[in-house]
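Reader: Hi! I'm new to this one, could you walk me through it?
Author: Happy to. Let's bring it up and take it a chain at a time.

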Amino acid sequence: MNALPALVLLPILGGGVAWVAGRIRPVPTPASRDAAWWVVLATLVMETLLLALVTFGHQPHAGPWLAHFSMPWLPAMGIAVRLDMDGLSLSLIWLSLVLCFPCVFLSTRQVTVNAGAFHFLFLATLTGVIGTFLATDLFLFFFFWELMLVPMFVLIATWGHEDRQRAAMTFFMFTQGSGLLMLVSILGLVMAHYRTTGVLTFDYVTLSRTPLSPALSMLLMVGFFMAFAVKLPVVPVHVWLPAAHTQAPTAASVLLAGILLKTGGYGMIRFNVMLFPDAASRFAPIAMGLGVAGILYGAWLSFAQDDVKRLIAYSSVSHMGFVLLGIFCGSRMGMQGAIMQMLAHGLSTAALFLIAGAIQDRLHTRDMRRIGGLWAAMPRLSSAGVFFAVAALGMPGLGNFTGEFLVLLAAWHVSPPLATVAAAGLVPAAMYALRMVNRIFLAAPRAGLRPGPDLPARQMAVLACVMALVVMLGLYPQPFMTFSLPLPVADMTGGEDGAP
Amino acid sequence: MPAFSFNDTLVLAATMFSVGLAGVLVRRNMVFMLMSLDIMLNAAALVFVAAGARWHDATGQVMFVLILALAAVETAVGLAIILRLHAHGRPTLDADAGNLLEG
Amino acid sequence: MATFLIPLLVLCPLAASLIIFISTGRMGARGVGTVACAGVGMAAVLSIIVSVILLSGPATGEVQVTLWPWMHVAGFSADIAFMLDRISLVMILVVTIVGLLIHVYAAGYMQDDPGIARFFGCMTLFVAAMLVLVLASDLLCLFIGWEGVGLCSYLLIGFWYDDPANTAAARKAFYMTRVGDVALLCGLLLLATTTGSLRTGAVLAAVTNGQVSASGVSMAAFFILAGALAKSAQVPFQAWLPDAMAGPTPTSALIHAATMVTAGVYLIARLHDLFAMAAPVMALTAVLGTLTLLVGGCAALVQSDLKRILAWSTISQVGYMFLALGCGVWQAALFHLMTHAFFKALLFLAAGAVIMRARHEQDIFRLGGLRHAMPGLTVAFVAGASALAGLPLVTAGFYSKEMILSGVWHVRFGLTRDWSVTGHPLWAMALLGAFLTALYIFRCVFIVFFGKPGTVAAGRTSRLMTIPLGCLCILSLFGGVIEMPDTLPSLHLFSALLDPATPLSHADEPVWLVLAGAIVPLAGLALAWMLWGRPSSVMHGARTGGGLDARHDRLAIWQHIPDRASTAAGGLMRAASVRVFTIRAGFLDMLARWGGSIGDRGALLLDRLHNGRMRWYAAWIAGGLCVALAVAVLS
């Protein structure tokens, strides 16, 4: 019995049940909405238990992967359902699940229109994400990559805020277009492999040994890179992100910022740096330059925003610049820094989006010029907001700093001036974070603003758990760092059917 | 001893198919279009039967039965749509009048 | 024993802070004050215990505690680790004891404020972060404390957030120190890259072994100096500190006078071996220190806000410490740091009590003649003022300043191999600074406490606030006798405590050196008396009458230039980013419109094909099939 397919399928099945549960009564009532919510919660709990089983249970499976599953799908084309788990995918799946809980506790219960469908789409996205993190068959990977896109599009377009159609459309066009580039690259790689060896396969491990000419490998890598760069996002193609993050409903913003962006980073690690090491190292100067540009540009634009969610969205662009920089440093240290940054950014930014969503639910505005003085009215929410803002500005001892420091150190090994410029990005980081704090939380109260009730103690407890995780990532990251490294390609061949 | 050679059958089938296709393309009356479609299907079925006889294989006849069922279903569904449209207050049988899906 | 106590030392205030934050105002004002004072008080007791343990051990003993590994990657490792040696011992004693006194004072001062829980939460968190800063044995671990104190400082400056000016001041402080922090981070990155570890011992060993190239050492020292300058509000980063006085007075006393602003001094003293290898940076430190002490003194001379006078005097006094560091007499810098913590805390607390009783009036020209209304506070303030001015023999400030001055007199800066510069000009300027110090602080004393009565004083100072004032009075008057110049009864307890192996010796010190140091403050006092003290003095009561005050605007240029520059830079940056944002949005809109119109035209073409006529579709299918078949057959 293998847990990996269950891990992938459980969310979407649970989502289906939630949909049905939400529609049992012809007229939706609060009870049926809650039924859907409870089903989602139960699904997440089961998923977590399953993941804990995979993580801590010692399986008899021998091989380099933590867990492995393989089943033929379309044997004629060499396509198989191949799921593999290493430290990187495991830690990112944990991140996804950990983020779903605050999301479900704080936000999705507020959805009143067609709650069942909302929950189904939410879990379908989760399935797509988990599948993306696990798939080692390129075709399957592409399938999951597209799978997580569609529900997210519907979530934004249906439950989003005022300008949702346009935002959803931009999001879809960018990710879909770049996904097609990736498909072309995948097919190119498969064909190149077929030409040289006569074996038609989409298997990651087999394809990683394809002999490629430098020009072709660069071309294919850039195709992959484009898809991941859009998702990460890297600066010239980040345009979809602020709109999508701002217009999405809170839960979708959290999924987008917390998890979907990480699929870009994951893809870069697994399908750029590890699949095309030579091309990646030749491409590294450009990628690192883009990363530094992203750090500065994102922070700079974040500083100019008046919309809370847009500010947080641009800060994501800035943080993801560090991830890009770290991945292409070409050293283990940079890779670890990038992974730490992904984990910490997932937690802190997701929490910020939750807080922004809570503010919007209560005050019905996201405009910082109209919000103020929340500390007196909502001390719990405000203290959480200040905490995560401080985490976002890179306070040592909190998670983001660990990642940023490792990335900067790795970058300094490569090029000190570049690292200095990247480090200078920490100054505008302080500016946007503190500007937000001083506009919303620690600010004079505005006239005509009626603050709602504070966060209930239960929701605060959930946020407190996230805070504890951020502190842990900041002060004791060692277990996560040793644990979350990707499996090197050279070690992958020991699997049962790794070699053809 | 076959009454027709295989080639003759193919010619007949091709003629039937062409007649049917011409009927579909030229007629605007939906009932006639359905009839023409049936002629095309029968042409295809005829090829199957002839090929089955030629190579002594029962699969051709199986396919013929399948096509028969398909033709019946297709005619039934098509006529049902026509009746439905009629009931919705569109008394024409002109296929070109239905190019805007406005109900 | 000590290995167990040192983490506990940090944990006590941290736990107090957590308790206060988690209880979110459910404790009363008294309860919050008690928890905070208990946390810091336990830290003070623990620090005394560990100092006894350390001093009873061998002379060069130090206690290393590694709590847990922080980041261990290939090529770099950092731990959460503490180290107690003689330098950090002095610092923890200062931080916890002065911190305790200020907390006790604040429990009285803040008792009516609705935000008292937030206040004490931040204050205890600050003490914890400061202890991490001084105890860390790993520079990266030190950086946690370094940024942590900055964060607490930000939160406390903007404590009364209802006034946007306060939060603006808070952000300004954080931004300016953040620039320095980035420089410090770059220095750390440089050192980490070359040595693979940021353990203080390992770094210093690598530097002294010559493992780091000379230019690398200079660069690292320069970066670290920039960080220290920003944290300690030295030229050119001095502009944030006067604005930081927007916070509550106990905050100004603890963070912006006694401890946090001296973190830069501590850092350079801790890394003095590294700086000793970088002679140009040392010279730069000394020059900047001198410049700062003069700028601070001059600016303090023309202020009319009581707390701002003290803020500029803090900048100026920290300038003395940087001068001492630049001259390599880091023991003197730490000694002055200690006495400065005593007397500046005293001055701030006394000023806070005065301001509180004078109904929050901070303008010295509206105060006046307070000596009758509040004799006790007058004594405290004058004690602090004389220590700051360094009145000879009876004050702590005299001894520490004397130690710096004699150190500066003896120094020679070896800028290149065979070209060195003597420190005598710097000595002269430092002496001028001492004169200015006495002048401005006694100007303040004479205007506020003597002369014509101004505002009416109300209420009385509570017991909770007077006890710390008394303790600090004693410390700032007699805390300096542990280290005396050779000309006086030679007593070197402090430098022996810091560095028993290599005591400072100034055997050839001329007597007139000490005399000059003693006479200059007295001269300043006399001039201040002539100008502002006598009932019929020239300047008395006249805010803009002649003399120095008239030159206020021109003299305060150095106060305004960085201020304006930073404001302008901030405004420019924001305007530019808004502009970039709109341009970007316009560009994207254009792109979208352009793409849209192309799409529209294409759609028109396709529309012809999709006319919804079934017969056309059938024809297309048939035609397409024919073409496909033809291609397949013919090819």
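Author: Let's start with chain A, where buried residues make up 62% of the 500 residues. Buried here stands for 20 or more other C-beta atoms within 10 Å of a residue's own, exposed for 12 or fewer, and partly exposed for in between, with C-beta atoms placed from the backbone. This is a predicted model: local features need pLDDT of at least 70, side-chain atom pairs count only at pLDDT 80 or more, and totals for chains, interfaces and linings use all residues. Residues are numbered from 1 along each chain as its sequence is written, while chains are lettered from A and ligands numbered from 1 in the order in which they are written.

Reader: Thanks! How many helices and strands does chain A have?
Author: Chain A has 21 helices and two strands. Those are DSSP runs, numbered from the N terminus: helices are H or I with at least four residues, strands are E with at least two.

Reader: And how compact is chain A?
Author: Its radius of gyration is 22 Å, close to the 23 Å that the globule rule gives for 500 residues, so chain A is as compact as a globular protein of that length. The radius is taken over C-alpha atoms, and the rule is 2.2 Å times the number of residues to the power 0.38.

Reader: Can we zoom in? Where is A:G265 found?
Author: A:G265 sits in helix α11 (residues 250-273) of chain A.

Reader: Why does A:G265 count as buried?
Author: Because A:G265 has 25 C-beta neighbours inside 10 Å. Setting aside neighbours within four places in sequence, A:G265 contacts A:L232, A:V323, A:I327, A:A338 and A:M342. A contact is a pair of residues whose C-beta atoms, placed from the backbone, lie within 7 Å.

Reader: New topic! Which chains share the most contacts?
Author: Chains A and C do, of the two pairs of chains in contact. Chain A and chain B do not touch, and their nearest C-alpha atoms are 24 Å apart.

Reader: How many residues does each chain bring to the A and C contact?
Author: Chain C brings 40 residues and chain A brings 38 residues. On the chain C side, the largest share, 13 residues, comes from α6(C). That side has 26 nonpolar, nine polar and five charged residues. Ala, Val, Leu, Ile, Met, Phe, Trp, Tyr, Cys and Pro count as nonpolar, Asp, Glu, Lys and Arg as charged, and the others, Gly among them, as polar.

Reader: What about the strands in chain C, how do β1 and β2 run?
Author: Strand β1 (residues 63-73) and β2(C) run antiparallel, joined by nine bridges. Strands pair if DSSP finds at least two bridges between them. β1(C) and β2(C) form a hairpin with two residues between them, and C:G75 in the turn has a positive phi of about 90 degrees. One bridge pairs C:M71 with C:A78.

Reader: Is β2 of chain C enclosed or open?
Author: Eight of the nine residues of β2 (residues 76-84) are buried, so the strand is largely enclosed by the rest of the structure.

Reader: Last one: which residues touch the most other members of the largest nonpolar core?
Author: C:L131, C:A345 and C:L346, out of 444 residues in that core. A nonpolar core is a set of buried Ala, Val, Leu, Ile, Met, Phe, Trp, Tyr and Cys residues joined through C-beta atoms within 7 Å. Not counting residues up to four places away in sequence, C:L131 touches C:L9, C:V10, C:P13, C:A43, C:I92 and C:V95.
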